[in-house]
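Here is a short report on one protein model. Keep the sequence and the 3D view at hand while reading.

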Amino acid sequence: MPKVWVEKLLDEPELYLLRIDDDQIKYFEATWDIPEGITYNAYLMKTEGAVVLFDAWKKDYAYQFLETLSRIVDPKEITHIIVHHTEPDHSGALPKVLEANGYNAKIIGTAFAKRLLEAFYGIKENVHAVEDGEELKIGSRTLRFISVPWLHWPDTMITYLVEDKVILSCDAGGGYSIPEAIDDTNEEVVERYLPYVTKYIVTVIGHYHKYIVQNIEKIKNLGIVDDVRMILPGHGLIWRKNPQKIFEYYANVGSGIPKKGKILVIYDSMYGFVERSVRIAIDELQKLGFEPVVYKFTDKEAPAVSDILGEVPDSEALIIGASTYEANVHPRIRYTLYELLDKANYEKPVLILGTFGWAGVAGREIETLIKRSRFDHVDTVEVRGRPTDEDEAKIREGIRELVKRLGR
Ligand SMILES: Cc1cc2nc3c(=O)[nH]c(=O)nc-3n(C[C@H](O)[C@H](O)[C@H](O)COP(=O)(O)O)c2cc1C
């Protein structure tokens, strides 16, 4: 059963975290395998004469949300609802909240959010569209709304609580999994959590990853990050020991800063021929001091594409091995590649190892796609079945060329 957390984050104004741990979900956005689950974080602020709700939970948990909210406040007393982003994992429970509220609260979001609230839920009364940078005095507090388009949708904004130096950042700063704590106090919890942040960034926001860098830069340039006291995202840990860390982490993933020595190897192998070529490549990489991280599709295993994507940003380079399958790329690699190019399209060197029986297509096809992307195509080695000595020499040479591209 999903666990619910209610934690008071500030005394004045009273600010609460309302988090539910979704351990029932299997595929985020009906696509991404997340056996690790996810949390939905909403926030509630009580200030002089006003009660402000920031986002909500997914519709499946609307009942629990109302029940949790009611532990802190009578929903009728909510005066403002801030909608940072209308994706239903944050907004799904809103219709129920409004019903319980008697439709009195003023809803605040971007102009884009206003359109989507009507499209998704028929909500059109009492919605105030704010401009980028607009400030509203609510109770004793000043709320500044900063638009961060494409982080993750065009509607997205964050809120800065001016007097308290708190950023409510919605999807920005979020991650998958269900951390055992609410915040970043414990370094071990943080270290365990961060790979799920990368996986979340790539699978959810990866398509727009250049906007991650731009928007984080935009927020930093407003001068509100250096002395921020808390960053409160819509998923996962909240950041109050070292809040800057999560935005730095986001910027690094967005720009694909690599970990020295990490090479991502992805391949399929139906009967072990592609694997023979890949083993040669791995051997050469290891001899040169690199650390291959390997994901393979075989008749015994099929890793989650979401996990593979999560490995791309901090890899130095990629090796893609694929068999030709009915005059095309093997279906598992075809899908992986499709998502890779869409979500994790970084300027990193790629070596392709294609294998075929009678007329090779996989290597050539992957090469065409890689050359059209931001990835840097190093070489394609095509092998008929098992690699000959000549093929082996070409594969080893391909690895050495890949390493040269890394400046080593
Ligand atoms: C279902 C299936 C379809 C294949 N289609 C092609 C093809 O269209 N063209 C080709 O040259 N080889 C084709 N092959 C042969 C494989 O590409 C070849 O045997 C390759 O070495 C497979 O490597 P693997 O066993 O590591 O997957 C096919 C093999 C299978 C099992």
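The sections below cover the model, a sheet, an annotated domain and the ligand shell.

## Model and numbering

Residues are numbered from 1 along each chain as its sequence is written. The model is predicted: local features need pLDDT of at least 70, side-chain atom pairs count only at pLDDT 80 or more, and totals for chains, interfaces and linings use all residues.

## The sheet

Helices (H or I, at least four residues) and strands (E, at least two) are DSSP runs, numbered from the N terminus. Two strands pair if DSSP finds at least two bridges between them.

An open sheet has 7 strands in the order 1-2-5-6-7-8-9, with mixed pairing. Strand 1 (4-10) and strand 9 (127-129) are its edges, and each pairs on one side only. Strand 7 (residues 80-82) and strand 8 (residues 106-109) run parallel, joined by 3 bridges. Ile 82 stands opposite Ile 108 in strand 8.

## The annotated domain

UniProt, in an unreviewed entry, lists residues 263-403 as "domain: Flavodoxin-like". UniProt positions follow the numbering used here, feature names are shortened, and annotations may be inferred rather than shown by experiment. Over residues 263-403 the chain is 43% helix and 26% strand. The end C-alpha atoms of this stretch are 10 Å apart.

## The ligand shell

Around the ligand are 19 residues, each with its C-beta atom, placed from the backbone, within 6 Å of it. Met 270, Tyr 271, Phe 273, Ser 323 and Gly 357 come nearest.

Helix 8 (273-287) and strand 18 (349-356) each supply at least two shell residues. Helix 8 gives the largest share, 3 residues.
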